[in-house]
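I opened my notebook to look up a few things in one protein model.

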Amino acid sequence: MTHRRIRNGALALSAAALLTVVAAGQAGASAASPTSAAARAANCVRVSHSSGYVTQTVKVTNNCTYTVSFSVRRVGPDSPCFIVGPNRWRSYKWGNGLNYQGIRWNCS
């Protein structure tokens, strides 16, 4: 399988998971629940994933007015928890052996 197919598949899975979180948030989750915080993050946080020959990188850009936290989900151990302030970004790079599976929000 090519890197492009893997990346596109991972992006499709991330988009599907994000839509599920947004739908759950719209289905009546309270404002204090982690699900609604993730749904709010979906509106103002940009996630990009790139894969090269040796490494992969995820960049999370926080365009929100509040701080968000995330960890990168991948086959094997997840990344550490990162905290990103308003109008800031954070990236995480790792070797290609652990495939990207998406983002886990509110890890702190």
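**Entry 1**

I looked up Cys64 and found it buried, with a relative accessible area of 2%. Buried means under 20% relative accessible area, exposed means over 50%, and partly exposed lies in between (1.4 Å probe, protein chains only). This is a predicted model: local features need pLDDT of at least 70, side-chain atom pairs count only at pLDDT 80 or more, and totals for chains, interfaces and linings use all residues. Residues are numbered from 1 along each chain as its sequence is written, and side-chain values use heavy atoms, with hydrogens and water left out.

Which residue does a disulfide join to Cys64? I found Cys44, with 1.9 Å from S to S. A disulfide here is a pair of cysteine sulfur atoms within 2.5 Å. The link of Cys44 and Cys64 is right-handed, with 90° about the S-S bond. The pair links distant parts of the chain, 20 residues apart. Cys44 sits in helix 2 (residues 34-44), and Cys64 in the loop between strand 2 and strand 3 (68-74). I noted the rule for these elements: helices (H or I, at least four residues) and strands (E, at least two) are DSSP runs, numbered from the N terminus. Cys44 is buried too, with a relative accessible area of 17%.

**Entry 1: the other disulfide**

I searched the whole structure and got two disulfides. A disulfide is a covalent bond between the sulfur atoms of two cysteines. Cys81 is joined to Cys107, with 2.0 Å from S to S. The torsion about the S-S bond of Cys81 and Cys107 is about 85°, so this disulfide is right-handed. Cys81 and Cys107 are 26 residues apart, and the pair links distant parts of the chain. I placed Cys81 in the loop between strand 3 and strand 4 (82-84), and Cys107 in the segment after strand 6.

Is Cys107 buried or exposed? Cys107 is buried, at 18% relative accessible area. Cys81 is partly exposed, at 35%. I then numbered the bonded cysteines in sequence order, and the pairing reads 1-2, 3-4.

I turned to the strands. Strands of a sheet pair through backbone hydrogen bonds, either parallel or antiparallel. Two strands count as paired if DSSP finds at least two bridges between them. Three strands form an open sheet in the order 1-2-5, with antiparallel pairing. Strand 1 (45-51) and strand 5 stand at the edges with a single partner strand each, so one side of each has no neighbour in the sheet. Neighbouring strands of this sheet are turned by 15° against each other on average, direction ignored. For such angles, axes are lines fitted to C-alpha atoms (for helices over the stretch in contact), and angles run from 0 to 180 degrees between N-to-C directions.

How many bridges pair strand 2 with strand 5? I read eight bridges, in the antiparallel sense, with strand 2 covering residues 55-62. Thr57 has Lys93 in strand 5 as its bridge partner.

I also checked Thr61, which is found in strand 2. Thr61 is buried, with a relative accessible area of 18%. Leaving aside its neighbours within four places in sequence, Thr61 is in contact with Cys44, Val45, Arg46, Arg88 and Trp89. Contact means heavy atoms within 4.5 Å.

**Entry 2: Asn96**

I found Asn96 in the loop between strand 5 (88-95) and strand 6 (100-105). Asn96 is buried, at 19% relative accessible area. Its side chain makes a polar contact with the side chain of Gln56, at 3.4 Å. A polar contact is a pair of N or O atoms within 3.5 Å; within protein, one must be able to donate a hydrogen and the other to accept it, and residues adjacent in sequence count only if both atoms are side-chain atoms.

**Entry 3: strand 3**

Strand 3 is mostly covered, with six of its seven residues buried. Three bridges join strand 3 to strand 4, and these two run antiparallel. Phe70 has Phe82 in strand 4 as its bridge partner. Strand 3 is also joined to strand 6 by five bridges, again antiparallel. Ser71 stands opposite Arg104 in strand 6.

**Entry 4: the whole protein**

I ended with the totals. The protein has two helices and six strands, running α-α-β-β-β-β-β-β from the N terminus. Buried residues make up 34% of the 108 residues.
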